[in-house]
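Let's take a walk through a protein structure together.

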Amino acid sequence: MSLTLAPAPVSGADRIDLVRAKALGIRRCAFTMVHDAQLGHPGGDFSAADVLASLYFGVMRYDPAEPRHPDRDRFIMSKGHCTGAFYSVLALAGYFPEAQLKTYMQPLSKLNGHPNRNYLPGIETNTGPLGHGLPVAVGIAIAGKLSGKDYRTFVLTGDGELQEGSNWEAAMAAGHHRLNRLTVIVDRNRLQQGDRTESTNGLDPLDDKWRAFGFHVEMIDGHDHAALLDVLGADPAGRDKPLCVIANTIKGKGVSFMEDNVSWHHGVPNADQFAQAMKELI
Amino acid sequence: MSAAPKIDAGLYDCRDTFARTMESLAEADERIVVVVNDSVGSSKLGGFKKRWPERTINVGIAEQNMVGVGAGLANGGKIPFVSCASCFLTGRALEQVKADVAYSNTNVKLCGQSPGIAYGELGPTHHSIEDLAWLRPLTNLLTIVPSDPEEMEAALRFAAAYEGPVFVRVSRYPVPAVPHTRVGVEPGKAEVLRAGDDVAILAHGVMLSRALAAADRLAAEGVSARVVNMAWMNPLDVGAVIDAAGTGAVVTVEEASVRGGLGGAVAETLALNRPVPMEMVGFPGFVPTGSVDFLFEHFGLTAAGISAAALKAISRKRQ
Ligand SMILES: Cc1ncc(C[n+]2csc(CCOP(=O)(O)OP(=O)(O)O)c2C)c(N)n1
Ligand SMILES: [Mg+2]
């Protein structure tokens, strides 16, 4: 049985409106979780929100009632510290009740600071140490090829995360095997934990690097829903290479005082900041 | 970041001592450099970086490279202190630690930051409860687990002066000053902090002050507990362990897995030399979600949990 897009596909402007609404929902849920727990990584939650909304509400095929369906498209949150956004999109997509988001990082909660596939449906692999998602995604894509399945595999990495060599070992393998149903999305917010990527261990020219490893590369505005849907939704049968989407994003996107500010990597809001942010996130 | 427990008066975050001591060492010896993985902030090395930007080598999020670069810096005559969250330093870069540092016997100082369950709610990927077991077979990697600021500073000063590989576990959980009976740290020497002959509690790091509190509780019940500071994991003070067995019952306490760390080292020593009933306090494996305080409580890494383990070990003594 092949899966259909969940929720039911809508077309044109409707779809973009749906994704926009879900992206806002992700940001509001994530920031509420971070505020209540006084823990988390809101800057990276916000830079990734539009990518996640596009994937789950406009691109991927999955059935939250059958989270291990063999034909499902796979998504791996390699930047596993951004569970605020990841758990929120999973709840909005129907994998578990939104009410469960309230337990984020509470004692014995299934919503651990980093995602655990044994705790919640919709998680393919446990992440948290950076540079683990792409190798696993390559394995999933090779398995799909071997068994003649047409599922797609998506992995979202941070940009600082790409300083880990494991990504490039996996990239080499993906290019070598011409894994055209594999898509890497780089959340290119140009900030890592302590500083800008380019003043820590620079990544540019990042597109050339991926190209040299055998990827087709698209550089887009990672907050532009139409562009995201277009590029991520394109039929991979038209490529004979894996795809790398460099999503140019803004860390903290959506809240004026958080945007492009490294202190919000793992900064948490006080009551005033929370109220201000929720006013802006409408 | 995990919820940093509030630091009350009289409690210390050993990372502050780490930062201060590194600056003092660097002032005195220009060969000293730090190597980090986007961890300037979490290692509290912001001040160091400001003073010596060129002696702060940030390789980015790349721990295997970080340890290899450390070995290269040592080859070039520097004294590198490689400072990184202990989980990634010992887990991600374990082969570099083994081959480039231990087996090659290079003059690299590994500083495992926020070890044990210091990252609380961030979960087992960020916990470092396996580090002691992973490092223990690397026999020439001197390994110390300081319990408070005084011991932290002594360990770093020792590491800087010593020619060869050293691992220092830099705890983050706020600890009180421990009433040490010695000055400095001599490799392989345990420290008896409290005399006692019904049971011996062997502990280190964050757990040492809790072991002392457990001994107080036991004393109130008429039980005389010896408390021994086993700061050195490697070399292990075998004599102190065998002496501890003289009480007839031994308890180990560590902010680590009960498999292969201090408990494992002491169990091996007792089994080979002087078997007595023994209890291990530590973590059984991957832990559930929770804050540091919750997890300490949940798994009995508390004065109450340690004294209960001591009573259990005593109850198992042969009549
Ligand atoms: C192997 C490893 N090293 C270090 C860390 C600590 N860490 C967590 S997030 C982070 C920065 C990540 O930056 P980036 O990949 O750019 O993510 P984003 O900006 O999207 O939050 C670091 C260093 C980690 N999780 N894993
Ligand atoms: Mg980034």
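This is a predicted model: local features need pLDDT of at least 70, side-chain atom pairs count only at pLDDT 80 or more; totals for chains, interfaces and linings use all residues.

Start with the meeting place of the chains. Here 27 residues of chain B are in contact with 30 residues of chain A. Together the two chains bury about 2,100 Å² between them, and 52% of that area lies on carbon and sulfur atoms.

What holds charged partners face to face here? Across the interface of chain B and chain A there are 2 salt bridges. In a salt bridge you can look up yourself, the side chain of B:Arg92 meets that of A:Glu164, with 3.3 Å from N to O. The interface of chain B and chain A also has 15 residue pairs in polar contact, both residues being at pLDDT 80 or more. On the side of chain B that touches chain A, α4 (86-92) and α11 (292-298) of chain B each supply at least two residues. That side of chain B is made up of 11 nonpolar, 11 polar and 5 charged residues.

Now turn to chain A and find helix α5, residues 165-176. This helix has 12 residues and reaches 17 Å from its first C-alpha to its last, close to the 16 Å expected at 1.5 Å a residue. Which residues of α5(A) are buried? They are A:Ser166, A:Asn167, A:Trp168, A:Ala170, A:Ala171, A:Ala174 and A:Gly175. Within chain A, these buried residues pack against α4 (133-146), β3 (182-188) and α7 (206-212), and they also pack against α4 of chain B. After α5(A) comes A:Arg178, whose phi is positive, near 50°.

Conventions. Residues are numbered from 1 along each chain as its sequence is written. Chains are lettered from A and ligands numbered from 1 in the order in which they are written. Side-chain values use heavy atoms; hydrogens and water are left out. Contact means heavy atoms within 4.5 Å. Buried area is the accessible area (1.4 Å probe) that two parts lose on being put together, summed over both. A salt bridge is a side-chain nitrogen of Lys or Arg within 4 Å of a carboxyl oxygen of Asp or Glu. A polar contact is a pair of N or O atoms within 3.5 Å; within protein, one must be able to donate a hydrogen and the other to accept it, and residues adjacent in sequence count only if both atoms are side-chain atoms. Helices (H or I, at least four residues) and strands (E, at least two) are DSSP runs, numbered from the N terminus. Ala, Val, Leu, Ile, Met, Phe, Trp, Tyr, Cys and Pro count as nonpolar, Asp, Glu, Lys and Arg as charged, and the others, Gly among them, as polar. The expected span of a helix is 1.5 Å times one less than its number of residues. Buried means under 20% relative accessible area, exposed over 50%, partly exposed in between (1.4 Å probe, protein chains only).
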